[in-house]
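Open the model in your viewer and keep the selection panel at hand. The stops below can be taken in order.

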Amino acid sequence: MSEEYYQLNFSRYFKAIYRQKWLVVLCVCSFIAATILIGKGREPLYQARVSFWIRGIKGGGIVSEKIRQLLFIGRQEPFETTYGTQIEIMKSSLILEDVVKKIGLPSKTKESLRNSIKLVRSSISISKIRNTTIIEVFAIHSSPEMALKMVNAVCEEYINFNNKL
């Protein structure tokens with residue numbers, strides 16, 4: 001039984017590319033130009049991040065270690081809670097309404113308040129780091145100051161919410 005071996009000849013491929021070198025150069029230059037134009041047309045986005053170390057709860061809400069020390073001095077550790085519930089509370093209109101007012105977004109009418117809450121909700125991301133008791137709050141905005149204001153306001157209003165419980 002005879003076996004035929006197919007031998008790959010790269011020189012044929014290189015010759016074909018060399019014959020079409022101007023097409024290759026044109027495609028590469030077009031790609032580079034398009035990338036530069038798209039990149040220049042976009043405004044930069046800035047990210048702010050805050051991490052909470054979750055240690056326990058007070059009245060059903062999660063509190064940070066610093067607050068836990070103030071509230072539970074000499075007591076046993078508080079009960080466990082569901083982190084997903086707390087994350088949803090942080091994203092809720094209840095918290096975000098106060099955030100909108102705190103950072104100075106339009107909130108005079110119901111429509112402007114609703115639109116401002118949508119803007120904040122779409123700009124922030126809240127998640128629990130896997131296998132930890134840390135929750136991270138991210139904000140992305142075209143203004144670094146606004147991203148920082150959003151993150152700080154969400155965290156402060158969440159803490160205020162828990163302190164009211």
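What follows is a tour of selections, each with a note on what is there.

The model is predicted, so local features need pLDDT of at least 70 and side-chain atom pairs count only at pLDDT 80 or more, while totals for chains, interfaces and linings use all residues. Residues are numbered from 1 along each chain as its sequence is written, and side-chain values use heavy atoms, with hydrogens and water left out.

**Stop 1: the nonpolar patch.** Select F10, Y13, F14, I17, V24, V28, F31, I32 and I36, which make a nonpolar surface patch of about 950 Å². Patch residues have over 30% relative accessible area and no salt bridge; nonpolar side chains (Val, Leu, Ile, Met, Phe, Trp, Tyr) are joined within 5 Å, like charges within 9 Å. A salt bridge here is a side-chain nitrogen of Lys or Arg within 4 Å of a carboxyl oxygen of Asp or Glu. Areas come from the Shrake-Rupley method with a 1.4 Å probe, and for residues only the protein chains shown count as cover.

The elements giving two or more residues to this patch are α1 (10-19) and α2 (21-41). Helices (H or I, at least four residues) and strands (E, at least two) are DSSP runs, numbered from the N terminus. With five residues, α2 gives the most. Pick V24 in helix α2: its relative accessibility is 41%, so V24 counts as partly exposed. Buried means under 20% relative accessible area, exposed over 50%, and partly exposed in between (1.4 Å probe, protein chains only).

**Stop 2: K21 and Y18.** Show both side chains: the charged end of K21 sits over the ring of Y18, 4.0 Å from its centre. This requires NZ of Lys or CZ of Arg within 6 Å of the ring centre and within 35 degrees of the ring normal.

**Stop 3: the aromatic pair.** The structure holds one such pair. F52 belongs to strand β1 (residues 46-58) and Y158 to helix α7 (residues 144-164), so the pair ties together parts that are 106 residues apart in sequence. Both F52 and Y158 are buried. Rings of Phe, Tyr and Trp (its six-membered ring) pair if their centres lie within 6.5 Å; planes under 30 degrees apart are stacked, over 60 edge-to-face, the rest tilted.

Stop 4: Select strand β3 (residues 124-128) with β4: they pair in the antiparallel sense over five bridges. Pairing needs at least two DSSP bridges between the strands. S125 has F138 as its bridge partner in β4.
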